[in-house]
Amino acid sequence: KGVNGPNVIKGLKVYRNNFWGAFLHVTQNLRFEDCLFADNGQYSAFIVRGDNLEFVNTEFIGLTDFAAPYVLCSLGQIGIYLHPGLLNEAVFGGIPDGAFKGTSIIDTSLTKFSLADT
């Protein structure tokens, strides 16, 4: 959609990455819809200076039954890492009229991010 709304990534499957599933650095106006993030090493989604990002009806699974013995995983595995600085706040010097809202997580699940769960 772009200019009048977020760009939409629909049905994406991100899995078995050794460090992070998605690295979103200086990213804005992006919507992940009906996606799956599973069996990623340290972070499923790593967000640094992001604005207007949305995860909608998306599933985050730390370790599935299929990959648990094969995926490099640490005890500090994280579903979504959110850096506290927003893009427009940190890079462009302010948030005009509340137009930028950081990251929203809507109808999304995060499961099996503990070694006890696998």
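Is R31 buried, exposed or partly exposed? R31 is partly exposed, with a relative accessible area of 23%; the classes are buried under 20%, exposed over 50% and partly exposed in between (1.4 Å probe, protein chains only). The views below come from a predicted model, in which local features need pLDDT of at least 70, side-chain atom pairs count only at pLDDT 80 or more, and totals for chains, interfaces and linings use all residues. Residues are numbered from 1 along each chain as its sequence is written, and side-chain values use heavy atoms, with hydrogens and water left out.

**View 1. Overall fold of the protein.** One helix and nine strands are present, in the order β-β-β-β-β-β-β-α-β-β along the sequence. Helices (H or I, at least four residues) and strands (E, at least two) are DSSP runs, numbered from the N terminus. Of the 118 residues, 40% count as buried. Among contacts (heavy atoms within 4.5 Å) between residues at least 6 apart in sequence, 62% join residues at least 24 apart.

**View 2. The salt bridge between R31 and E54.** The closest N and O atoms are 2.9 Å apart; a salt bridge is a side-chain nitrogen of Lys or Arg within 4 Å of a carboxyl oxygen of Asp or Glu. R31 lies in strand β3 and E54 in strand β5, so the pair ties together parts 23 residues apart in sequence. E54 is buried, at 10% relative accessible area. Shared partners join K10, R31, E33, D34 and E54 into one network of salt bridges.

**View 3. Salt bridges of K10 with E33 and D34.** The E33 and K10 side chains meet at 3.5 Å, N to O. This pair links strand β3 with strand β1 (residues 7-10), 23 residues apart. For D34 and K10 the N to O distance is 3.8 Å, and D34 sits in the loop between β3 and β4 (36-38). K10 is exposed at 56% relative accessibility, whereas E33 is buried at 18%.

**View 4. Aromatic pair F23 and F46.** Rings of Phe, Tyr and Trp (its six-membered ring) pair if their centres lie within 6.5 Å; planes under 30 degrees apart count as stacked, over 60 as edge-to-face and the rest as tilted. By this rule the count comes to 13 aromatic pairs. F23 and F46 are stacked, at 5.6 Å centre to centre and 20° between the planes. F23 is partly exposed at 39% relative accessibility, and F46 is buried at 14%.
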